[in-house]
Amino acid sequence: MGTRRAADGLHPNESLRAAAVLFEVVFCTLFEQPSARELPPSSVASLALALDASISSRIQDAAAAYAGFLLDRIGEAHADERRRIARDIHDRVAQNVVVAERNLSLFIDAVSGGAVRADAVSGDAVRAGSGRTVDPVERVAVARSLLTEALDNIRDVTSDLRLRRPVESLEAAVQTYVASLAAWAIQFELVVNGEEGWLPIEARDQLFLVICEAIRNAVTHASPTTVLVRVDIAPHEVRASVEDDGVGFDTGTARDHKGTGLVSMRERVELLGGDLTIDAAAGGGARIDVLVPLRATRRAGLG
């Protein structure tokens, strides 16, 4: 039951509310019978305890299955993230480094007296067109440009891996992440209200990862000029939003697209007992809102 409800996106709170209604309906229906009204108080108490124990047992099993399902999905999301990082390193970093190394090798040949023509390297590598001799200095300039681009790509790929210890300050951690995106020439605005001391450690960590994933989605897919990040912390809940003025997207299509990271974000939020909503449209920007009840987080033993 818990696995099925997790797959359908039904929170355990719904099961608890259903259980309360079931208990009330069964008990009221029972005591509408004339014979039940003559039961002694001890029998009534026994019936109530037995019914409560039966329902609670099912709820506990369902809650455990629900948590197990989400943990499995998070594990799958982590594996997907590792595969994505491996692809990014190969496609965005390794290729540039290989071509830069080739240009430097040709530079060494050239300054050593070897006659090397541009068609010895790919046209994309030298960016000078094939069929003519390329100046050695140009080779170094091309290699430097490629290595600079590779370095920028390495920063992009590794920015998600900087979380080596629990986040001590959500605001500082997000600021550090935003600073790593300076090469994108996007205007970022970060607003954090409330006391971070109200946030359990696990909630801080997971919210940081969700916010970073939302920012990265906006930067890499939406081509925005501005990104606004807002976090409002209260003793009983925390609300966070990431809003951009980019190209937007079709939420129906994105929901089924594994590369967007939306599934991972939603599962992290649900593990905290919260909700994630998306407001987006093609050509109209996008906004991701997160609501996490902090008391529920503490009761679940996550903080």
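Helix α6 (residues 170–179) packs against helix α7 (residues 201–222) with an angle of about 25° and an axis separation of 10 Å. The axes are lines fitted to C-alpha atoms, for helices over the stretch in contact, and angles run from 0 to 180 degrees between N-to-C directions. Because angles under 35 degrees count as roughly parallel, α6 is roughly parallel to α7. The crossing of α6 with α7 is right-handed, meaning that the near helix is turned clockwise from the far one by less than a right angle.

This is a predicted model, in which local features need pLDDT of at least 70 and side-chain atom pairs count only at pLDDT 80 or more, while totals for chains, interfaces and linings use all residues. Residues are numbered from 1 along each chain as its sequence is written, and side-chain values use heavy atoms, with hydrogens and water left out.

Contact is defined as heavy atoms within 4.5 Å. On the α6 side, Leu170, Ala173, Val174, Tyr177 and Val178 meet Arg204, Leu207, Phe208, Ile211, Cys212, Ile215 and Arg216 of α7. These residues comprise 10 nonpolar, no polar and 2 charged.

Of its 36 residues, Phe208, Ile211, Ile215, Val231, Val238, Val290 and Val292 touch the most other members.

| Element | Residues |
|---|---|
| α6 | 170–179 |
| α7 | 201–222 |

The largest share of the core, 10 residues, comes from α7.

Helix α9 is largely enclosed by the rest of the structure, because 7 of its 10 residues are buried: Leu262, Ser264, Met265, Glu267, Arg268, Val269 and Glu270. Glycine 273, with a positive phi near 80°, follows α9.

Phenylalanine 23 lies in helix α2 (residues 12–30) and counts as partly exposed at 26% relative accessibility. Leaving aside neighbours within four places in sequence, phenylalanine 23 contacts Ala48, Leu51, Asp52 and Ile55.

Overall, the protein has 10 helices and 5 strands, taken as DSSP runs (H or I, at least four residues; E, at least two) numbered from the N terminus. Buried residues make up 35% of its 303 residues.

Key
Parallel < 35°, antiparallel > 145°, perpendicular 65-115°, else oblique. Nonpolar A, V, L, I, M, F, W, Y, C, P; charged D, E, K, R; others polar. Core = buried A, V, L, I, M, F, W, Y, C linked by side-chain atoms within 4.5 Å. Buried < 20%, exposed > 50% of the residue type's maximum accessible area, 1.4 Å probe, protein only.
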